[in-house]
Amino acid sequence: MATFRVRPAGQSDGAFLGDMVVEAANWRPEAARPKVQLLSDAEHTRYLTGWKRPADAGFIAVDAGGDPIGAAWYRLMPRSDPGFGYVGTGVPELIIGVRPIWRAHGVGRALLQALTEQARADGYARISLSVERANFATTLYRSEGFAVTQRGVGRDTMVKRLR
């Protein structure tokens, strides 16, 4: 059985979060876009720029050797520059990515649980995310209490109530 642990994300984890934005965006290998293209696109850099702002929180999953294998984090997006899963002011939007070889090993679930507990501890009533409808991760999100609140073109916004 593969072993990993989850630790809080720090200021120095920004580059790895960039890698995880790429993993999240490229969940379908047949439709993968180059890292340089994704990380130069404002739609994706909004999740990274200025990491770690005071309201940002996140977790990194590391393997037995201490190498990062996945990450989940949230940040508040302004109404003037909303993210893919924006639902309103004061609702953090989460981003999650796991290296392909580690998917379906409980890494995403452990990260998601740690992050939602952190959001609850930070006093948030809800947390949101955006996911393409065909993404297998929708099953994970539903099993962790997320529900579709907005349907978009090929993607849904999901929200979990935290209190």
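What share of the contacts in the protein chain with a separation of 6 or more comes from residues 24 or more positions apart? I looked it up: 65%, where contact means heavy atoms within 4.5 Å.

**Ground rules.** I am working on a predicted model, where local features need pLDDT of at least 70 and side-chain atom pairs count only at pLDDT 80 or more, while totals for chains, interfaces and linings use all residues. Residues are numbered from 1 along each chain as its sequence is written, and side-chain values use heavy atoms, with hydrogens and water left out.

**Whole chain.** I listed five helices and seven strands, taking helices (H or I, at least four residues) and strands (E, at least two) as DSSP runs numbered from the N terminus. From that end, the order reads β-α-α-α-β-β-β-α-β-α-β-β. The radius of gyration is 15 Å, close to the 15 Å of the globule rule for 163 residues, so the chain is as compact as a globular protein of that length. That radius is taken over C-alpha atoms, and the rule is 2.2 Å times the number of residues to the power 0.38. Along its principal axes, the C-alpha trace spans about 40 × 35 × 30 Å.

I got an accessible surface of about 8200 Å², with 53% of it belonging to carbon and sulfur atoms; the method is Shrake-Rupley with a 1.4 Å probe, and for residues only the protein chains shown count as cover. Of the 163 residues, 45% count as buried, meaning under 20% relative accessible area, against over 50% for exposed and in between for partly exposed (1.4 Å probe, protein chains only). I also checked the 22 positive and 16 negative charges: their mean positions are 6 Å apart. Lys and Arg count as positive, Asp and Glu as negative, and His and the chain ends are not counted. Each charge is placed at NZ of Lys, CZ of Arg, CG of Asp or CD of Glu.

**Strand β4 (93-98).** Six of its six residues are buried, so β4 is largely enclosed by the rest of the structure. I looked at both faces: Glu93, Ile95 and Gly97 cover one side, Leu94, Ile96 and Val98 the other, and all are buried. β4 pairs with β3 (residues 68-75) in the antiparallel sense over six bridges; two strands pair if DSSP finds at least two bridges between them. Tyr74 has Leu94 as its bridge partner.

**Strand β5 (126-132).** Here six of the seven residues are buried, so β5 too is largely enclosed by the rest of the structure. Seven bridges join β5 to the antiparallel β7 (residues 155-161), with Val131 opposite Asp156. Val131 also turns up, along with Glu132 and Arg133, as a contact of Thr138, leaving aside neighbours within four places in sequence. Thr138 sits in helix α5 (residues 137-143) and counts as buried at 14% relative accessibility.

**Phe16.** I found Phe16 in helix α1 (residues 14-25), buried at 8% relative accessible area. Not counting residues up to four places away in sequence, Phe16 touches Ile60, Pro68, Ile69, Gly70, Ala71 and Arg99.

Most residues other than glycine have a negative phi, and most peptide bonds are trans. Ala104 has a positive phi of about 70° although it is not a glycine. Ala104 lies in the loop between β4 and α4 (107-121) and is exposed at 85%. The Trp51 to Lys52 peptide bond is cis, with omega near 15°; Lys52 is in the loop between α3 (42-45) and β2 (57-63).
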